[in-house]
Amino acid sequence: MTAPLLRLQGVQTFYGAIQALKGVDLEVNQGEIVTLIGANGAGKSTLMMTICGTPRARHGRIHYDGQDITGLPTHEIMRRGLAQSPEGRRIFPRMSVQENLLMGAHGRPPAEVEEAMEQVFILFPRLKERLTQRGGTLSGGEQQMLAIGRALMSKPRLLLLDEPSLGLAPLVVRQIFGAIRDLNRSTGLTVLLVEQNAYQALRLAHRGYVLVNGAITMAGGGAELLARPEIRAAYLEGGH
């Protein structure tokens, strides 16, 4: 059996004396979409940032593509084929759409940059229409597309998506999640998705984990978790 592309074993992360992650075990296999759901403050974004090396895991190990990356600097980790679309989008508001995308392709040969940009435009045609527009003047949904597109410009093997639906209208959320599904099916891109919108995330994911107060409390197939009464009660009551 092949090893997971990403594996966290007993990962503990602290902010000073406050423990944010309490021995997290998590695996993401090549070609999977895996989602991590949980309430606000559960530690989901901390887990994403710990994978990238900021903050550093104080205990436990993180392996990516068979290599221990726990102690590597962030720039070394990201060079290995990871890309992150962070919570809150964090695009460059004064730069154009094109300039934002080019920031994600730093150091790549021109031919690869052109190819990657075309792939982004296939996924998000709206960005091509807004190519010369400043990032800060885009709608929330367009900014999220731009943040994901910028991450894809590095042609990653593993895409880390942190709360891509945050603050977006339901129609735009469906567009974003549809694009992620299409990307995974057409290219085999591996995705780790952190999301509060449990319904959309579990419908999309092959597998999911539930994070509560910094600890994994449940794991299983996306459809399996979606059907569990305790998941529905905790995360899905009151509509989708």
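The side chains of Glu142 and Arg130 meet in a salt bridge, with N and O 3.1 Å apart; a salt bridge is counted where a side-chain nitrogen of Lys or Arg lies within 4 Å of a carboxyl oxygen of Asp or Glu. Glu142 lies in helix H6 and Arg130 in the loop between H5 and H6, so the pair ties together parts that are twelve residues apart in sequence. Helices (H or I, at least four residues) and strands (E, at least two) are DSSP runs, numbered from the N terminus. The model is a predicted one, in which local features need pLDDT of at least 70 and side-chain atom pairs count only at pLDDT 80 or more, while totals for chains, interfaces and linings use all residues. Residues are numbered from 1 along each chain as its sequence is written, and side-chain values use heavy atoms, with hydrogens and water left out.

Glu142 also forms a salt bridge with Arg126, the closest N and O atoms being 3.2 Å apart. This pair links distant parts of the chain, with Arg126 in helix H5 (residues 125-129) and Glu142 in helix H6, 16 residues apart. Glu142 is buried at 6% relative accessibility, whereas Arg126 is partly exposed at 32% and Arg130 is partly exposed at 24%. Buried here means under 20% relative accessible area, exposed over 50%, and partly exposed in between (1.4 Å probe, protein chains only). Arg126, Glu129, Arg130 and Glu142 are linked in a network of salt bridges.

The count of salt bridges comes to twelve. One of them joins the side chains of Arg207 and Glu32, at 2.7 Å from N to O. Arg207 lies in strand E9 (residues 207-212) and Glu32 in the loop between strand E2 (18-28) and strand E3 (33-37), so the pair ties together parts that are 175 residues apart in sequence. Glu32 is buried, at 11% relative accessibility.

Helix H6 (residues 140-152) also packs with helix H7 (residues 170-187): residues Gly141, Gln144, Met145, Ile148 and Leu152 in H6 meet Val172, Gln175, Ile176 and Leu183 in H7, contact meaning heavy atoms within 4.5 Å. The residues of this contact divide into six nonpolar, three polar and no charged; Ala, Val, Leu, Ile, Met, Phe, Trp, Tyr, Cys and Pro count as nonpolar, Asp, Glu, Lys and Arg as charged, and the others, Gly among them, as polar.

Thr13 lies in strand E1 (residues 6-15) and is buried, with a relative accessible area of 0%. Leaving aside neighbours within four places in sequence, Thr13 is in contact with residues including Ile18, Leu21, Thr46, Pro55 and Arg56.

Key. Axes fitted to C-alpha atoms, helices over the stretch in contact; angles between N-to-C directions.
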